[in-house]
Amino acid sequence: MKIETLERLWRAHDRDPDRTAQACLLESLMTTIERRRNGQNVFLLCVGAALGTITLVFGYDIIRHEGFDPAREWGALLMLAAPWIALILMKRAHDRHVQRFPDPGASISENLRVRLDENRTARQGAVVMLWLMGLFPILTGIALWQLTGTDKMTVAQAMQGALVFSGVLGASTVAQILRYRLFLRPEGERLTRLLAEYEI
């Protein structure tokens, strides 16, 4: 906490150490919540921008070459739609979290509830990502099979593409599992225990 903040709270609470300490803790919790919410908004915005760019490039390529047959290459459309669906689900979950707790500064227990709900939302997002990563090998296989069937890709190129996708997908899946098991789940357990003890 910045010394200016401590000084402001100290004077605002008539130089009462207990009230100042509680106010400092509450302000620190509020700052953390605001920072994490802003970080989540930036993350969703960046993912949306990346998906939007890919979608625009894909659409431009279809219009320019006029060689896309949805009846025979629908696998590519599914590969494009799946991450959009995941992004929409995560954005809606984040919005619901913010709507449930629009003003987390009421009390320390309220801040703890906000953090716990935020953690549940993050765990739900991780599960959505894991489902997406479990689905992507199937979608990728279908898309590559269709590309070889329409002579837009050789079997050797399809195998190379499959290896690249497998490497990226495998690394992403491991990262999500580690994030869930080493950070999100332990944090949720700590917050649940702390909130129960605080409300005794």
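Colleague: What makes Asp 117 count as buried or exposed?

Modeller: This is a predicted model, and the values are computed from it. The relative accessible area of Asp 117 is 8%. Buried means under 20%, so Asp 117 is buried.

Colleague: Which side chain does Asp 117 meet in a salt bridge, and how do you know that the pair qualifies?

Modeller: The partner is Arg 100, with 2.9 Å from N to O. The criterion is a side-chain nitrogen of Lys or Arg within 4 Å of a carboxyl oxygen of Asp or Glu, and the pair of Arg 100 and Asp 117 therefore counts as a salt bridge. The pair links distant parts of the chain, with Arg 100 in helix H3 and Asp 117 in helix H4, 17 residues apart.

Colleague: Why is Arg 100 called partly exposed?

Modeller: Arg 100 has 45% relative accessibility. Partly exposed covers values between the 20% limit for buried and the 50% limit for exposed, so Arg 100 belongs to that class.

Colleague: What makes the pair of Glu 187 and Arg 115 a salt bridge, and where do the two residues lie?

Modeller: Their closest N and O atoms are 3.3 Å apart, and the cut-off is 4 Å, so the pair is counted. Glu 187 lies in helix H5 (residues 155–198) and Arg 115 in helix H4, 72 residues apart, and the pair links distant parts of the chain.

Colleague: Are Glu 187 and Arg 115 buried or exposed, and how do you know?

Modeller: Glu 187 is at 5% relative accessibility and Arg 115 is at 13%. With the limit for buried set at under 20%, Glu 187 counts as buried, and so does Arg 115.

Colleague: Which residues are linked with these in a network of salt bridges?

Modeller: The network is made of Arg 36, Arg 115, Glu 118 and Glu 187. A search of the whole structure finds seven salt bridges.

Colleague: How do you know that Asp 95 and Lys 91 are separated by about one helical turn?

Modeller: Both residues are in helix H3, and they are four residues apart, which means a separation of about one helical turn. Asp 95 has 28% relative accessibility and Lys 91 has 35%. Each value lies between the limits of 20% and 50%, so Asp 95 is partly exposed and Lys 91 is partly exposed as well.

Colleague: What is the arrangement of H3 and H4, and why is it described in that way?

Modeller: Helix H3 (residues 74–100) and helix H4 (residues 108–149) pack at an angle of about 175°, and their axes are 8 Å apart. An angle over 145 degrees counts as roughly antiparallel, and H3 and H4 are therefore roughly antiparallel to each other. By class, the contact of H3 with H4 has 18 nonpolar, eight polar and three charged residues.

Colleague: What makes the nonpolar surface patch, and why is Leu 78 called partly exposed?

Modeller: Trp 74, Leu 77 and Leu 78 make the patch, of about 250 Å². Leu 78 lies in helix H3. The relative accessibility of Leu 78 is 38%, between the limits of 20% and 50%, so Leu 78 counts as partly exposed.

Colleague: How many helices and strands does the protein have, and what share of its residues is buried?

Modeller: The secondary structure comes to five helices and zero strands, and the elements run α-α-α-α-α from the N terminus on. Of the 200 residues, 30% count as buried.

Terms used. Residues are numbered from 1 along each chain as its sequence is written. This is a predicted model: local features need pLDDT of at least 70, side-chain atom pairs count only at pLDDT 80 or more; totals for chains, interfaces and linings use all residues. Side-chain values use heavy atoms; hydrogens and water are left out. Patches are made of residues with over 30% relative accessible area and no salt bridge: like charges are joined within 9 Å, nonpolar side chains (Val, Leu, Ile, Met, Phe, Trp, Tyr) within 5 Å. Accessible areas come from the Shrake-Rupley method with a 1.4 Å probe; for residues, only the protein chains shown count as cover. Buried means under 20% relative accessible area, exposed over 50%, partly exposed in between (1.4 Å probe, protein chains only). Axes are lines fitted to C-alpha atoms, for helices over the stretch in contact, and angles run from 0 to 180 degrees between N-to-C directions. Angles under 35 degrees count as roughly parallel, over 145 as roughly antiparallel, 65 to 115 as roughly perpendicular and the rest as oblique. Ala, Val, Leu, Ile, Met, Phe, Trp, Tyr, Cys and Pro count as nonpolar, Asp, Glu, Lys and Arg as charged, and the others, Gly among them, as polar.
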